[in-house]
Amino acid sequence: MTSDSLETRAAERMSSILTSRIGMMLVAVAALLALPALVAVFNVPSVVGLATQMLIYAIAAISLNLVLGYGGMVTFGHAAFFGLGGYTVGILYQHFADNSAFLGLVPGSDSLLIAIAAAMLVSAIGAAVIGSLSLRTSGVPFIMITLAFAQMVFFLFVSLKAYGGDDGLMMRRRDVMPFFNARGDTNYYYLCLVAAACWFVLTACIVRSRFGFVLSGLRQNERRMAAIGVAPYRYRLVAFVIAGAGAGLAGALMANYLRFVSPDMMHWTKSGELMMMVILGGAGTLAGPLLGAAAMVLLETLLAAQTENWQLYMGCILLAIVMLTRGGLATLFSRLSGIRS
Amino acid sequence: MIVLEQLLNGVQFGITLFLMSAGLTLIFGIMGVINLAHGSLYMIGAYAAALVAAHIGSVGLALLGGIAAAAVSGIVIEFIVVRRLYERDHLDQVLATFALILIINQGASMLFGRQPLFVSMPAALSGSVTLLPGLAYPVYRLAVIVLGLSVAAGLFLLIHYTRVGMLVRAGATHRQMVRALGVNVGRLYTVVFGLGALLAGLAGVIAGPITAVQVGMGEQILILAFVVVVIGGLGSVRGAFFGALAAGLVDTMSRAFLQMLFRHLMGGSNADALASGMSSISIYLLMAFVLLVRPHGLLAGKT
C-alpha cells in the first residue's frame with residue numbers, strides 16, 4: 001500500500017469521525033431542546049425536573065472534570081463549592097426576605113443574575129483559599145486534604161444557626177430575572193440548559209487552549225513541564241478556582257431549583273457522587289461528565305423508586321463499573337459506535 | 001482538675017483515632033491503596049461486639065468477636081475488591097471503596113435497622129477511680145488508654161523487630177525489590193490489610209460503650225483519621241501516633257473550653273454559636289496550620 005492511499009484513508013477516517021461526532025452532538029442538542037415538548041406529548045411532567053437536575057449536576061461534574069480528568073488532581077471536596085454556591089443564593093434571598101444585610105454590609109437580593117454571579121465569586125474565592133493550601137501537596141495527601149477542608153466548610157454551615165444550621169434554609173420563591181420568567185419549571189429547565197451549554201463550551205475552549213494543554217501536560221509529566229519552565233502550582237490553582245466557580249454556578253442553580261439549601265449539599269458523600277459522575281461518564285473527556293451526571297441521576301431516581309435500599313444496589317452497580325470498565329461510559333459509547341478518540 | 005480530666009479524655013480520643021489511622025497508614029504506606037471503607041470496618045467491629053455483648057454477655061468474647069469480624073471482613077474485602085486495585089490509580093481505589101461504603105452501610109441498616117444500638121459499659125470497668133484527690137476518672141476510659149498504648153507499643157515492636165515488620169517496612173519503600181527476593185507479596189498484602197482491619201475493628205469495639213453504635217459512625221471517624229494521617233505524615237505509623245494524640249487533645253480541649261473563653265470575650269448566644277463552630281473545625285484548623293508549616297506532615301515517611 002502506498003503512503004498516499006494511507007493518507008487519504010486517514011483523512012477519510014478523520015472526516016467520518018468528525019461528521020459522526022457532530023451528528024451525535026446535533027441529535028443530543030435537538031433532543032434537549034425538544035424535551036419539554038416531548039414530555040407534554042407523553043404526559044410525564046416529572047421528567048422535566050429530572051432533566052433539570054441532570055443538567056445542574058452536569059455543570060458540577062464538568063467543572064470537577066477540569067481538575068480531576070484534565071488536571072489529574074483528585075479532589076474529594078468539590079461539593080464544598082457546590083454548597084457554597086447554593087448557600088450564597090440562600091443567604092442573599094433570606095436577607096432580601098427580611099430586609100436585612102449580610103454582616104450588616106451586603107444587602108440581600110432576589111435577582112437571579114446577581115445571585116449567580118455572587119455564588120460563582122464566593123465559590124471561586126473559597127476554591128482559591130482551599131486550593132492554595134491543598135495544592136502544596138499532591139497525590140493521596142491532596143485527596144485527604146481536600147476532603148478535610150470540605151468537611152470543615154460542612155461543619156461551619158452546620159453550626160451556623162442563623163442560616164438554619166442542620167435544617168438548612170428555605171427560599172419561598174425562586175429568584176427573578178429581567179425579561180424572563182424563571183419561576184416556571186419549563187423555563188427553568190431552559191435556563192439550566194443554557195447555563196450548562198455555556199459552561200460546556202467554556203470548558204471545551206479552556207481544554208483546547210494553551211492553558212488546557214499545559215494542564216494536561218502537568219498531569220502526564222510534571223517534571224518535564226517544569227523543565228520547560230512551567231510553574232505547576234499557578235496553573236493548577238487557576239484550574240482549581242475555575243472549577244470552584246463552576247461548582248458554585250451549579251450550586252446556585254440547584255438552590256433555585258429546589259428552593260432549599262442545606263449542609264447536605266456539601267456533605268462528603270456528595271463529593272463522592274460528583275466524582276462518580278465524572279468517572280462513570282469518562283474522566284478527561286468533554287462529554288463524559290454530561291453522560292455520567294445523567295446516568296447517575298437516572299440511576300438514583302429509578303433505584304429509589306424501586307426500593308428503599310437503593311444505596312445497596314447503587315453501590316453494587318458503581319463497584320461493578322469501576323472494577324470492570326476503564327474510561328467510563330464515554331469510552332463505552334464511542335467503542336459501540338465505532339469511534340475511537 | 002477539670003483540665004486534667006479533659007486532657008485524659010483527649011488522650012483517650014486520640015488513641016481511638018490512632019487505632020484508625022494506624023490501619024490507614026499501614027494499608028496506604030505498604031500497598032499504596034487508599035481505603036475509604038476503613039470506617040466501615042470500624043462500624044463492623046462495633047456492631048459485632050455490640051451483638052455479642054447483647055446475646056452472650058461476655059466482655060472478652062465481645063472484644064474478640066468485634067475484632068475478628070472486622071479482620072475477616074477486611075480479608076474478604078481485600079480478596080474480592082482491593083486486590084484488583086493495586087495496579088490501578090488512586091481514583092479507582094477511591095471510587096471502589098466509596099461504593100463499598102454504600103453497600104456496607106445499607107447492608108447494616110437492613111440487618112440491624114436505623115436505630116442506634118446502645119452498649120452498656122462492662123461491669124468490671126464501669127466505676128471510676130480517684131486518680132488524684134478531687135479527680136475521679138472513669139475506669140473504662142483509663143482501660144482504653146492503657147489498651148491503646150499497649151497496642152501502639154505492640155505495633156511498634158511488630159514493625160521494627162519482627163520478620164513481618166521487616167517485610168512491611170521494606171515493602172513500603174522498595175516494593176519491587178521485596179517481590180524480586182521471592183516474598184509472596186500477595187499474601188503479605190492480605191496480612192497487612194487484615195491487620196489494618198483488625199485495628200479499625202478494635203477502635204470500633206472500644207468506642208461502642210462511649211458513643212452509640214449506628215450506621216454511618218465509621219465515616220465521621222474516618223475523616224478525622226484522614227486528618228490525623230495528614231498531620232502525622234503519610235506512611236509513618238509513628239507520625240500517626242503523635243498526630244492522633246495532637247488531634248484528640250485539640251478536639252477535646254476546644255470542645256471543653258472554647259465556650260468559656262468566648263463567653264468572657266462576648267455575649268452569650270454569639271459565643272455559644274461561635275464556640276460550637278470553632279470546636280468542630282478546630283481539628284481541621286490544626287491540619288491547615290501543620291500543612292502551612294510542614295506540607296508533608298510532622299513526621300513524613302514515604303510520599
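On the scale used here, buried means under 20% relative accessible area, exposed means over 50%, and partly exposed lies in between, with a 1.4 Å probe and protein chains only.

Before I continue, a word on the basis of these values. This is a predicted model, in which local features need pLDDT of at least 70 and side-chain atom pairs count only at pLDDT 80 or more, while totals for chains, interfaces and linings use all residues. Residues are numbered from 1 along each chain as its sequence is written, chains are lettered from A and ligands numbered from 1 in the order in which they are written, and side-chain values use heavy atoms, with hydrogens and water left out.

I return to Arg255(B). Its side chain meets that of Asp251(B) in a salt bridge, 3.1 Å from N to O. By a salt bridge I mean a side-chain nitrogen of Lys or Arg within 4 Å of a carboxyl oxygen of Asp or Glu. Both partners belong to helix α10 (residues 237-265) of chain B, where they stand four residues apart, about one turn of the helix. Helices (H or I, at least four residues) and strands (E, at least two) are DSSP runs, numbered from the N terminus. Asp251(B) has a relative accessible area of 7%, and so is buried.

How many salt bridges does a search of the whole structure find over all chains? The search gives five. One of them joins Glu222(A) to Arg236(A), with the closest N and O atoms 3.4 Å apart. This pair links distant parts of the chain, since Glu222(A) lies in helix α8 (residues 222-228) of chain A and Arg236(A) in helix α9 (residues 232-258) of chain A, 14 residues apart. Glu222(A) is partly exposed, at 37% relative accessibility, whereas Arg236(A), at 13%, counts as buried.

In chain B, the side chains of Glu78(B) and Arg83(B) also form a salt bridge, at 3.2 Å from N to O. Is Glu78(B) buried or exposed? Glu78(B) has a relative accessible area of 0%, so it is buried. Arg83(B) reaches 33%, which means that it is partly exposed.

I turn now to the interface. The size of an interface is often given as the accessible area lost when the parts come together. Chain B and chain A bury about 3,800 Å² between them, with 83% of it on carbon and sulfur atoms; buried area is the accessible area (1.4 Å probe) that two parts lose on being put together, summed over both. On the side of chain B that touches chain A, α4 (90-112), α9 (217-232) and α11 (268-293) each supply at least two residues. The largest share, 15 residues, comes from α4(B). By type, the residues of this side divide into 31 nonpolar, six polar and four charged. In that count Ala, Val, Leu, Ile, Met, Phe, Trp, Tyr, Cys and Pro are nonpolar, Asp, Glu, Lys and Arg are charged, and the others, Gly among them, are polar.

In terms of contact, meaning heavy atoms within 4.5 Å, 41 residues of chain B meet 39 residues of chain A.

One residue with contacts in both chains is Gln151(A): leaving aside neighbours within four places in sequence, it contacts Trp268(A), Ile223(B) and Tyr284(B). Gln151(A) lies in helix α5 of chain A and is buried, with a relative accessible area of 6%.

Another residue of chain A is Gly165(A), placed in the loop between α5 (140-159) and β3 (169-170). Its relative accessible area is 0%, so Gly165(A) is buried. Not counting residues up to four places away in sequence, Gly165(A) touches Tyr87(A), Phe157(A), Val158(A), Leu160(A) and Pro263(A). Gly165(A) and Ser262(A) are 97 residues apart in sequence, yet 7.8 Å apart in space, C-alpha to C-alpha.

I close with the core. Which residues touch the most other members of the largest nonpolar core? Among its 202 residues, they are Leu253(A) and Phe18(B). Helix α2 (residues 46-70) of chain A provides the largest share of this core, 16 residues. A nonpolar core is a set of buried Ala, Val, Leu, Ile, Met, Phe, Trp, Tyr and Cys residues joined through side-chain atoms within 4.5 Å. Beyond four places in sequence, Phe18(B) touches Ala152(B), Leu155(B), Val237(B), Ala240(B), Phe241(B) and Ala244(B).
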